[in-house]
Amino acid sequence: MADIDEHIPVALETAEPDPQLQIPGELPLLPLRDIVIYPFMIVPLFVSREKSIRAVDEALGEHRMILLTCQKDLDKEEPHQDDLYKVGTVAVIMRMLKLPDGRIRILVQGVSRARVESVNSQGDCLHAKLEPMAEEPAPERSLEVEALMRNVRASMEKAANLGKNISPEVMAIIANLDDAGRLSDLSASNLELKVEDAQSVLEIAETTARLRRVNELLNKEIEVLTVQQEINTQARADIDRSQREFYLRQQMKAIQTELGEGNELAEEVQQFREKIESAKMPKPAEDEALRQLKKLERMHPDAAETATLRNWMEIMTDLPWSKSSKDNLDLLKAEKILDEDHYGLEKVKERIVEALAVRKLKEKPKGPILCLVGPPGVGKTSLGRSIARALDRKFVRLSLGGVHDEAEIRGHRRTYVGAMTGRIIQAIQQAGTNNPLIMLDEIDKVGADFRGDPSSALLEVLDPEQNFSFRDNYLGVAFDLSNVIFMTTANILDPVQSALRDRMEVIRLAGYTEEEKLEIGRRHLLPKQMEENGITPRDVNISRTALSAIILRYTLEAGLRQLERELGSICRKVARRIGEGHKGVIRVSANNLHEFLGAPKIIPEEVLKRDQIGVATGLAWTAVGGDVLFVEALRMKGKGNLVLTGQLGDVMRESAQAAYSYAKSRAKELQIDPEDFITYDMHIHIPEGAIPKDGPSAGITLATALVSALSLRPVRKDVAMTGEITLRGNVLPVGGVKEKVLAARRARVTKIILPTQNRRDLDEVPKELFKDITFVFVDNMKQVFREALKEKIAPALSGPRPARLPQAAGGRNVS
């Protein structure tokens, strides 16, 4: 229970305890972890455990005496009698100091050996019944004792000369000490013995035997010190030999120079020098490269650092410091390339052509970094590749998904084994020019841990005001990234660090309409899959109706990946039929599509078959585009409770509670009997209960279903809605409008209710596709009820019938 951080044998002055000191038969016991204390030793101890501190307090309160005994198991926190050695030392506490961290520091002086008869661990501290061990003096004028004392003194002197850490003060005391018992104790305390060996010396009361034991331990220590010195001498000799070899190699190098014989390293150094001159580096980088080259020239070819420095020189000379590609600034050609590679995405293409126009007018514009945000498969990465092709620039894609080490961006310092440059410099080196287009893919999936935050490292890379002097840790010099066009992609922006998001201009790719998917499939995806599967247009003909059926019945996504997979599946089956000997064109139509792809995987979303009480149609946003959401509300006899089911998130639950509170506060205005809130429970359920749902934009849908069930007014079957509700009945704007409107069109909805502030979002929606849909913009719930609810009908028709609802894949976020 005493933690010994230090003990100072120098304090072992031959201080005599009070000869009149009477040792009681029972004393508080202080177990020690890693030190054995002998009589007449003065040692500071640090005490931290509660029982040990109480033992010290009790000793100070009585006779200042305490029994010090060493533990057998140093790791045991609560030792008992069997865990302690049988012989200890009675000591007097000379001084005590309380430390700020709760520990105490005591200065103790050993008084006498004592044998432990029993230990009581039941109280606040350990108590021991003890019997003092009388020291048996050595025989006077004994030749053996005299010889042993001389041997011990000589051995201590030899140990000190061999490097043992024994202070001169202790050596002076040993030289002048005539008491054999105290000489043995003092010598043993300064040998840094193992606990078992030190305890064996303490347990010997007979002076001659104790002196003999200390002499044995000293001889063993001297043997160890002698071997240690021999090892050190051998190591020193090896170092001298290496220096001699270096001197001889330098002489050999001089002889080779005189004879005109070069070596490989000299030739390599010359090649590096020529590469540095031709690389046209900036002045600071060139100075650093030449300095490191001189260092390499002086190194031994087989040294470990030579290989590290050689790798650094290779990277420095391979980097395209002054090599750049010439931009194609023909806007018409750029537009043509973008139209060839991508159908639709007019807003994105327009922004890209604008950036090219600025580059045409200004040589080095500091434009914003474009961040393409959208669901998987909408063409974000391929759009970057098209831009690089339109500009005649090299294209390099860096996937940042799962990157969690800052060194992945900035590189490792050369002091580490296996150090290398960061991904940015690697991309520059891979491109071979200093002005490529670098696509940082999946920037929303960058991780962070104890090794650093890569997002923070990207702040410098993506800031036009800073990246002209980007410093990679491995290179150690600045590299100009201002000529590089950086583009990033993300599925969602929420995980992206706010400071990083501030450096980027966000362009959203919401997804494709059915018509756009049809054209992309016909123009791009189908020819690509036919080429990959080795078939030609003479082998297969897929009709437009078949393509439309694939889009509606076999895919449910905002992008095109599943559509491409389904087309690939058809092409493989066609290839198999051709391989089996089929002659002529294989025609794929909507009627025989199941022969190639099996039963439809998606049940098309459709509106309800008839107007119903308590069932409202909402619009939701999901990771794969928009979706239709049906909200059911039912009233039943009860006590006015509100029950919510269907795996609703916290935000949606709060929206439901807000809708309920609004309806309750406007009961008469909404043609609801106020007593219904007391006599009926309300149950709101959103089907497909296995799918988690959350977000605020189902607020007006929840309120419509709730008011419909309470007022017995049916909801119009062809109306879909989205918007957030407040307690005052106001309707707030929501996000994902384009995706939701596309979902409503797929479900054959004829009227869509949107918040007034979302009117601007319809600019992104193709007008010609929504001629048959009426958009109603609302500011409050009164307008919603006027458009969505019909007149009140008889109570007999109050209960909503269960509706067969469409099945959807993936979780929903109606935000």
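## Close-up views

**View A. Helices α21 and α23 lie oblique to each other.** What you see here, as in every view below, comes from a predicted model. Two packed helices are described by the angle between their axes and the distance between the axes. For α21 (residues 650-665) and α23 (residues 699-711), the angle is about 45 degrees and the axes are 9 Å apart. An angle of about 45 degrees falls between the cut-off for roughly parallel, under 35 degrees, and the range for roughly perpendicular, 65 to 115, so the pair counts as oblique. The crossing of α21 past α23 is right-handed. To find where they touch, look in α21 for Met 652, Ser 655, Ala 656, Ala 659, Tyr 660 and Ala 663, which meet Gly 699, Leu 702, Ala 703, Leu 706 and Val 707 in α23. Sorted by class, this contact of α21 with α23 has 9 nonpolar residues, 2 polar ones and no charged ones.

**View B. Helices α10 and α11 cross at roughly 155 degrees.** The axes of α10 (residues 331-341) and α11 (residues 346-361) come within 10 Å of each other. Their crossing angle makes α10 roughly antiparallel to α11, because angles over 145 degrees count that way. As α10 passes α11, the crossing is right-handed. On the α10 side, try to spot Leu 331, Ala 334, Glu 335, Leu 338 and Asp 339; their partners in α11 are Lys 349, Ile 352, Val 353, Leu 356 and Ala 357. The contact of α10 with α11 is made up of 7 nonpolar and 3 charged residues, with no polar ones.

**View C. Five strands with parallel pairing build an open sheet.** Walk across the sheet and you meet the strands in the order β9-β10-β13-β8-β14. The edge strands are β9 (395-399) and β14 (504-508); each has a single partner strand, so one side of each has no neighbour in the sheet. From one strand to the next, the twist averages 25 degrees. Strand β9 runs parallel to β10 (residues 437-441), and 5 bridges join the two. Within this pair, Arg 397 is found opposite Met 439 of β10. Helix α12 (residues 380-391) packs on the sheet and touches β8 (369-373), β9, β10 and β13 (485-490), with its direction at about 175 degrees to that of β10. Helix α14 (residues 423-431) packs on the sheet too, where it touches β9, β10 and β13; the direction of α14 makes about 155 degrees with that of β9.

**View D. Strand β7 pairs with β6 and with β2.** Follow β6 (residues 104-120) into β7 and you trace a hairpin, with 6 residues between the two strands. β6 and β7 run antiparallel and are joined by 6 bridges. Here Arg 115 stands across from Glu 131 of β7. The pairing of β2 (residues 26-32) with β7 (residues 127-132) is antiparallel as well, over 3 bridges. Pro 28 has His 127 of β7 as its bridge partner.

**View E. Asn 215 sits in helix α6.** Helix α6 spans residues 207-259. Is Asn 215 buried or exposed? Its relative accessibility is 11%, so Asn 215 counts as buried, the cut-off being under 20%. Which residues does Asn 215 touch, leaving aside those up to four places away in sequence? They are Leu 148, Asn 151, Val 152 and Ser 155.

Technical notes. Residues are numbered from 1 along each chain as its sequence is written. This is a predicted model: local features need pLDDT of at least 70, side-chain atom pairs count only at pLDDT 80 or more; totals for chains, interfaces and linings use all residues. Side-chain values use heavy atoms; hydrogens and water are left out. Axes are lines fitted to C-alpha atoms, for helices over the stretch in contact, and angles run from 0 to 180 degrees between N-to-C directions. Helices (H or I, at least four residues) and strands (E, at least two) are DSSP runs, numbered from the N terminus. A crossing is left-handed if the near helix is turned anticlockwise from the far one by less than a right angle, and right-handed if clockwise. Contact means heavy atoms within 4.5 Å. Ala, Val, Leu, Ile, Met, Phe, Trp, Tyr, Cys and Pro count as nonpolar, Asp, Glu, Lys and Arg as charged, and the others, Gly among them, as polar. Two strands pair if DSSP finds at least two bridges between them. Buried means under 20% relative accessible area, exposed over 50%, partly exposed in between (1.4 Å probe, protein chains only).
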